[in-house]
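I opened the model to look up a helix pair, a strand pair and the ligand shell. My notes follow.

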Amino acid sequence: MNEKIAMHLDILKGLSVYYDSPFIADIRETSLRFPRLTLGHALNRNQITCKKWLVETLFDVTGGELGRVCVLGGWYGVLGAMLLHDRRFRVERVTSVDMDPSCEEVANSLNRTHAKSGKFEFLTADMYEMDFGDRAFDLIVNTSCEHLEKIEKWYGRIPSRTLLTLQSNNYVGIEGHVNCVDDLDGFKRQVPLAEVMFEGELELKNYTRFMLIGRR
Ligand SMILES: C[S@@+](CC[C@H](N)C(=O)[O-])C[C@H]1O[C@@H](n2cnc3c(N)ncnc32)[C@H](O)[C@@H]1O
């Protein structure tokens with residue numbers, strides 16, 4: 001292992017002790033086992049800023065009672081880990097879903113602490129094909145709405161009154177961003193909630209992220 005990598009890994013280990021954080025320890029192990037550039041992207045400043053915004057707002061809206069949570073387009077399971085490590089929330093289980101099978105072992109490693117106890121599970125599936133009525137989730141999160149060309153097809157599958165937390169953005173020109181929106185109103189037209197509990201936007205360096213929380 002080269003010296004620089006060893007140094008960064010040592011720092012992560014030290015930080016996990018200092019903050020008494022099994023999450024940082026899991027990040028260290030995962031970066032060692034799966035040294036992919038995309039893991040760095042999933043944990044970069046913008047991604048964590050957007051997810052921290054989601055976590056804080058979700059706590060304000062729900063008071064922390066989440067039950068069975070489904071995270072769609074969950075990629076490497078970063079959001080699932082953030083919710084499960086946050087002691088303010090009561091989470092029965094997080095099911096993190098992604099259609100890309102290469103995400104599974106990385107997400108399970110990043111969520112090692114909770115995968116062992118069964119509180120975190122990964123599902124390789126296409127969200128267009130899932131039967132949401134069958135699995136009875138208390139909360140469905142989708143922070144990958146900008147990736148869904150046929151978003152109305154997915155939205156039509158969600159049972160009415162389901163609690164949803166949704167994010168999209170106006171970051172056009174990025175690979176896979178086939179459904180960006182110009183503004184919050186455009187996002188609301190794509191996912192017309194019966195009851196809106198939160199709506200907002202967050203300015204980031206290269207784009208704006210939009211978030212809606214409410215009932216289908
Ligand atoms: C780049 S990532 C996540 C970006 C997002 N802004 C976030 O919350 O971090 C988008 C993920 O959505 C997944 N995805 C796209 N379409 C999907 C579908 N129909 N079903 C399940 N996963 C999907 C991709 O495989 C990818 O891992």
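I started with helix α1 (residues 3-18) and helix α2 (residues 22-33), which pack at an angle of about 160° with axes 8 Å apart. I took helices (H or I, at least four residues) and strands (E, at least two) as DSSP runs, numbered from the N terminus. Axes are lines fitted to C-alpha atoms, for helices over the stretch in contact, and angles run from 0 to 180 degrees between N-to-C directions. The angle therefore makes α1 roughly antiparallel to α2 (the term applies over 145 degrees).

This is a predicted model: local features need pLDDT of at least 70, side-chain atom pairs count only at pLDDT 80 or more, and totals for chains, interfaces and linings use all residues. Residues are numbered from 1 along each chain as its sequence is written.

Next I listed the contacts (C-beta atoms, placed from the backbone, within 7 Å). On the α1 side I found L9, L12, K13, L15 and S16; they meet I24, A25, I27, R28 and L32 in α2. By class, this contact has seven nonpolar, one polar and two charged residues. Ala, Val, Leu, Ile, Met, Phe, Trp, Tyr, Cys and Pro count as nonpolar, Asp, Glu, Lys and Arg as charged, and the others, Gly among them, as polar.

Then I checked the strands. β6 (residues 195-203) and β7 (residues 208-215) run antiparallel, joined by eight bridges; pairing takes at least two DSSP bridges. A hairpin of four residues links β6 to β7. E201 sits opposite F210 in β7.

Last, the ligand. I counted 14 residues around the ligand, the closest being G73, M99, D100, M127 and T143 (C-beta, placed from the backbone, within 6 Å). That shell divides into six nonpolar, five polar and three charged residues.

Conventions:
Angles under 35 degrees count as roughly parallel, over 145 as roughly antiparallel, 65 to 115 as roughly perpendicular and the rest as oblique. Two residues are in contact if their C-beta atoms, placed from the backbone, lie within 7 Å.
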